[in-house]
Amino acid sequence: MESFPISYVVLFGFTLVIGWLLQWVYRWVSPTCNGVLPPGSMGFPIVGESLEFFRASPSLGIPQFYTSRLKRYGPLFKTSLVGQPVVVSMDPDVNRFIFQQEGKLFRSWYPETTNSLFGKESMASVDGSVHKYIRTFAARLFGHENLRDVLFAEMERNVRESLAAWATEPSVEAMDAVGRMMFDLTAKKLIDFDPDKSRKFRKNFDAFLQGDDLLPAVFAWDNILRMHTGIQKKVQKVLKALLKERLGTVPRKRHGDFLDHVVDEVESGRGIIDENLAVDLVAALLFGSFATLAPALTLAMKFLTDNPNVVQALKEEHEAILKKREDASSGITWEEYKSMTFTTQVMNEITRLANVAPGIFRKTHTDVQVKGYTIPAGWLVMVSPMSVHLNPELFEDPLTFNPWRWQVGDSILTGSRTSCFLPGAPCCPLNVFTDPILQDEAKRSTMLRNFIPFGGGIRLCVGAEFSRIQMALFIHTLVTKYRLKEIKGGDVQRISEIVFPKGYHIQIIPREG
């Protein structure tokens with residue numbers, strides 16, 4: 001008889017716990033909203049639908065996570081990734097709306113794993129006037145004038161030396177070789193590191209990327225975050241020591257790198273860029289310099305190997321450039337770079353198919369109304385450039401590498417012509433819907449309008465032109481001096497980025513004559 005009250009209390013407590021758990025699960029799968037949420041599923045509590053999101057896709061096509069939800073829910077759907085409620089946009093109109101409302105309805109957001117490397121005060125994380133100032137500050141390295149007058153020649157020399165070195169090897173692993181080429185250049189320009197220092201330092205960033213690749217397999221999120229935090233401490237230790245050394249040297253020695261400008265700014269007393277922000281900014285620029293270009297250029301070599309007709313067209317364009325020079329062995333000029341019509345089409349196609357960023361994240365400031373749905377304040381939205389670039393309604397045969405899709409008449413499509421070929425635009429010709437040529441041009445204009453390899457709005461990638469120059473210089477040197485031979489590997493997958501699970505080993509063979 002004495003045990004009865006105890007059993008009753010235990011049963012009552014168990015019932016309360018079960019009731020609380022059921023309520024918690026209900027709130028998870030049916031989040032509150034002052035309106036109608038987009039359709040979708042929040043998945044399992046905490047984990048959400050993250051496991052499927054990070055599952056490798058066996059090709060360059062849109063992963064099943066997106067295609068299955070597009071078919072079931074449409075181009076705008078809700079989900080949960082790594083404990084965060086997210087609305088994913090595969091809708092071009094919604095994507096443009098998000099970019100246009102940056103700083104108003106939306107603000108930038110990055111996963112904790114990314115912040116664990118860049119820090120929470122990098123250019124990617126700050127907003128408003130501080131972001132605008134830092135973006136202008138970063139233009140001292142990646143701005144148009146410095147690219148044209150200073151970096152251009154150094155970038156070409158770096159490409160020439162790298163390809164010449166690779167040509168002495170039986171084969172090279174493309175992703176690693178391109179990553180090394182890019183990191184060596186930017187480590188020199190950012191922090192005046194020689195190749196030996198650069199390659200030792202780069203191991204930290206490689207470890208960060210390898211940690212990201214573990215997500216689909218183990219999804220040990222806390223362990224990954226702790227590992228990334230450890231990497232961040234190593235990166236920050238090096239950069240903080242370097243900055244402290246520069247700040248403490250009197251008289252200060254100029255190194256001719258970006259860090260010189262950072263030190264000037266820290267010492268100016270304006271208070272916008274302090275030591276912590278300076279370190280985070282440099283870390284972000286170092287990472288971005290190779291983490292996106294390495295897979296894109298590796299994929300470019302794969303495409304060129306598989307498409308000899310594209311290589312032949314590139315050779316014709318670049319050999320024509322050489323024939324116009326007084327000295328064929330002289331370096332490429334800025335004017336020659338700007339004249340590369342077909343090369344630009346090839347670069348457009350490479351970046352369209354590469355989609356090296358899995359998504360562009362923003363966070364809502366307030367409840368946002370879009371397409372009849374409400375995205376609650378504090379929710380994440382993810383723009384998916386890949387889903388737009390591989391949309392067959394916008395890009396015919398989207399998985400086909402076809403640089404000629406970007407051609408209009410005798411020239412490539414340029415942004416200045418876009419608005420004249422959109423239905424309803426004031427300057428739209430009356431016969432645009434009946435003239436086959438104008439129809440084709442309107443189709444390509446719509447394609448360009450939805451081309452967002454470097455993001456959009458006020459956070460358009462600060463290194464966009466740098467990336468395009470790097471690709472152009474690489475292609476120019478490759479097709480005029482070398483040919484590629486595939487040795488092994490080359491199978492491509494998408495996880496959260498482009499990966500070559502068996503690597504991509506190629507031989508760089510000097511051209512005769």
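This is a predicted model: local features need pLDDT of at least 70, side-chain atom pairs count only at pLDDT 80 or more; totals for chains, interfaces and linings use all residues.
Quick ground rules. Local features need pLDDT of at least 70, side-chain atom pairs count only at pLDDT 80 or more, and totals for chains, interfaces and linings use all residues. Residues are numbered from 1 along each chain as its sequence is written, and side-chain values use heavy atoms, with hydrogens and water left out.

Start with β8, residues 380-383. Helices (H or I, at least four residues) and strands (E, at least two) are DSSP runs, numbered from the N terminus. Leu-380 and Met-382 point one way. Val-381 and Val-383 point the other way. In a regular strand the side chains alternate between the two faces of the sheet. All four named residues of β8 are buried, meaning under 20% relative accessible area with a 1.4 Å probe, protein chains only; exposed is over 50%, and partly exposed is in between.

Who are the neighbours? Strands pair if DSSP finds at least two bridges between them. β2, residues 84-89, runs parallel to β8, with four bridges. There, Val-88 is partnered with Met-382. β5, residues 360-364, is antiparallel to β8, again over four bridges. Ile-360 sits opposite Val-383.

Now α3, residues 64-73. Which residues of α3 are buried? Phe-65, Tyr-66, Arg-69 and Tyr-73. They lie on the same side of α3, because they span an arc of only 90 degrees around the axis, taken from the directions from the helix axis to the C-beta atoms. Gln-64 and Lys-71 are exposed, on the face turned away from that buried side. The cover over the buried residues includes β2 and β8, along with α2, β1 and α18. After α3 comes Gly-74, with a positive phi near 100 degrees.

Key. Contact means heavy atoms within 4.5 Å.
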